Amino acid sequence: MSGKRVLVTGGSRGIGRATVLALARSGADVAFTYSSNQASAAEVLAAAEELEGRVIAMQADVVSYEQAKQVVGDVQNELGDLDGLVLNAGITRDGVLAMMPEENWDSVVATNLKGVFNYARAAIYSMIRQHAGRVVCVSSVSGGLMGVAGQTNYGATKAAQIGFVKSLSKEVAAYGITVNAVAPGFIETDIWQSIPAAKRAGLLKSIPQGRLGQPEEVAAAICFLLSEDASYITGSVIEIDGGLCA
């Protein structure tokens with residue numbers, strides 16, 4: 001990835017953070033967005049100081065298409081045309097459907113699905129012009145691959161992301177652009193910690209490997225899909241779940 005330029009949405013924590021650092025370690029110049037946690041963003045920048053690639057942070061709300069266009073333009077001015085885009089930003093607002101507030105549905109759809117549209121739409125034209133590019137969406141096994149009680153909103157957006165990836169991959173394949181998704185299972189991130197302890201214990205037992213995945217393991221798959229080694233892979237979904245959906 002040396003010399004490549006990549007934008008990662010939601011890069012201050014969890015899988016996004018691990019991806020930013022893995023890319024910079026491999027020599028890529030990376031920009032990442034974060035919503036509001038400046039302290040976490042500063043920690044990523046500090047961790048990247050000794051790495052080969054350059055890393056910059058940009059505060060933005062992925063729900064806003066205007067902000068997405070501004071971020072992509074600013075990154076292109078700062079780093080150059082994008083070679084890769086990682087659509088990682090996402091939130092959860094778990095709860096059973098019968099008691100789910102409408103705003104919890106709307107906010108998850110806006111962030112997880114509209115956010116994917118916003119950044120893909122803002123970045124894809126320059127990739128078409130270049131006749132090259134890599135897009136990777138961070139979906140989840142909780143959507144299209146299996147169901148998780150209490151995540152109808154989250155699961156719906158993650159299933160939709162897979163449909164988005166498969167359709168977009170066909171639109172842009174002729175321009176040398178690949179579009180893929182990773183579908184992590186239960187990964188040791190803030191989202192995992194937000195699940196009640198009693199429920200976490202049951203979920204852990206359902207994983208054949210008997211352990212949580214690490215953000216760095218997901219980041220490794222993302223970096224592979226961004227690399228030249230994955231040039232003949234498009235419209236695919238890589239499950240990273242310890243055998244959960246096998």
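**Helix packing and salt bridges in a predicted model**

I will start with a pair of helices: α4 (residues 102-130) and α5 (residues 152-172) pack with their axes 9 Å apart, at an angle of about 15°. Because angles under 35 degrees count as roughly parallel, over 145 as roughly antiparallel, 65 to 115 as roughly perpendicular and the rest as oblique, α4 is roughly parallel to α5. The axes here are lines fitted to C-alpha atoms, for helices over the stretch in contact, and the angles run from 0 to 180 degrees between N-to-C directions. Helices (H or I, at least four residues) and strands (E, at least two) are DSSP runs, numbered from the N terminus.

Before going on, a word on the source. This is a predicted model, in which local features need pLDDT of at least 70 and side-chain atom pairs count only at pLDDT 80 or more, while totals for chains, interfaces and linings use all residues. Residues are numbered from 1 along each chain as its sequence is written, and side-chain values use heavy atoms, with hydrogens and water left out.

Back to the helices. The crossing of α4 and α5 is right-handed; a crossing is left-handed if the near helix is turned anticlockwise from the far one by less than a right angle, and right-handed if clockwise. Which residues meet between α4 and α5? On the α4 side they include Trp105, Val109, Leu113, Phe117 and Ile124, and on the α5 side Tyr154, Ala156, Phe164, Leu168 and Val172 are among them. Contact means heavy atoms within 4.5 Å. By class, the residues of this contact are 15 nonpolar, six polar and one charged. Ala, Val, Leu, Ile, Met, Phe, Trp, Tyr, Cys and Pro count as nonpolar, Asp, Glu, Lys and Arg as charged, and the others, Gly among them, as polar.

Histidine 131 lies in the loop between α4 and β5 (133-138). This residue has a positive phi of about 60° although it is not a glycine. Most residues other than glycine have a negative phi.

Next, helix α1, which has two packing partners to describe. Helix α1 (residues 14-25) packs with helix α2 (residues 38-47) at an angle of about 25°, and their axes are 10 Å apart. That makes α1 roughly parallel to α2, and the crossing is right-handed. Arg17, Val20 and Leu21 of α1 meet Glu43, Val44 and Ala47 of α2. This contact has four nonpolar, no polar and two charged residues.

The crossing of α1 and α8 is right-handed. Gly14, Ile15 and Ala18 are among the residues of α1 that make the contact, and α8 contributes residues including Pro215, Val218 and Leu226. By class there are ten nonpolar, two polar and one charged residues in the contact of α1 with α8.

Two of those residues come up again with glutamate 188, in the loop between β6 (177-184) and α6 (190-193). Leaving aside neighbours within four places in sequence, glutamate 188 is in contact with Leu212, Gly213, Gln214 and Pro215. The C-alpha atoms of glutamate 188 and glycine 14 are separated by 7.9 Å, although the two are 174 residues apart along the chain. Is glutamate 188 buried, partly exposed or exposed? Glutamate 188 is partly exposed, with a relative accessible area of 40%; buried means under 20%, exposed over 50%, and partly exposed in between (1.4 Å probe, protein chains only).

Last, the charged pairs. A salt bridge is a side-chain nitrogen of Lys or Arg within 4 Å of a carboxyl oxygen of Asp or Glu, and by this rule there are eight. Lysine 4 forms one with glutamate 228, with the closest N and O atoms 3.6 Å apart. This pair links the segment before β1 (5-8) to the loop between α8 and β7, 224 residues apart. Lys4, Arg134 and Glu228 are linked in a network of salt bridges.

Serine 227 is buried, with a relative accessible area of 12%, and touches Met1 and Arg134, not counting residues up to four places away in sequence.
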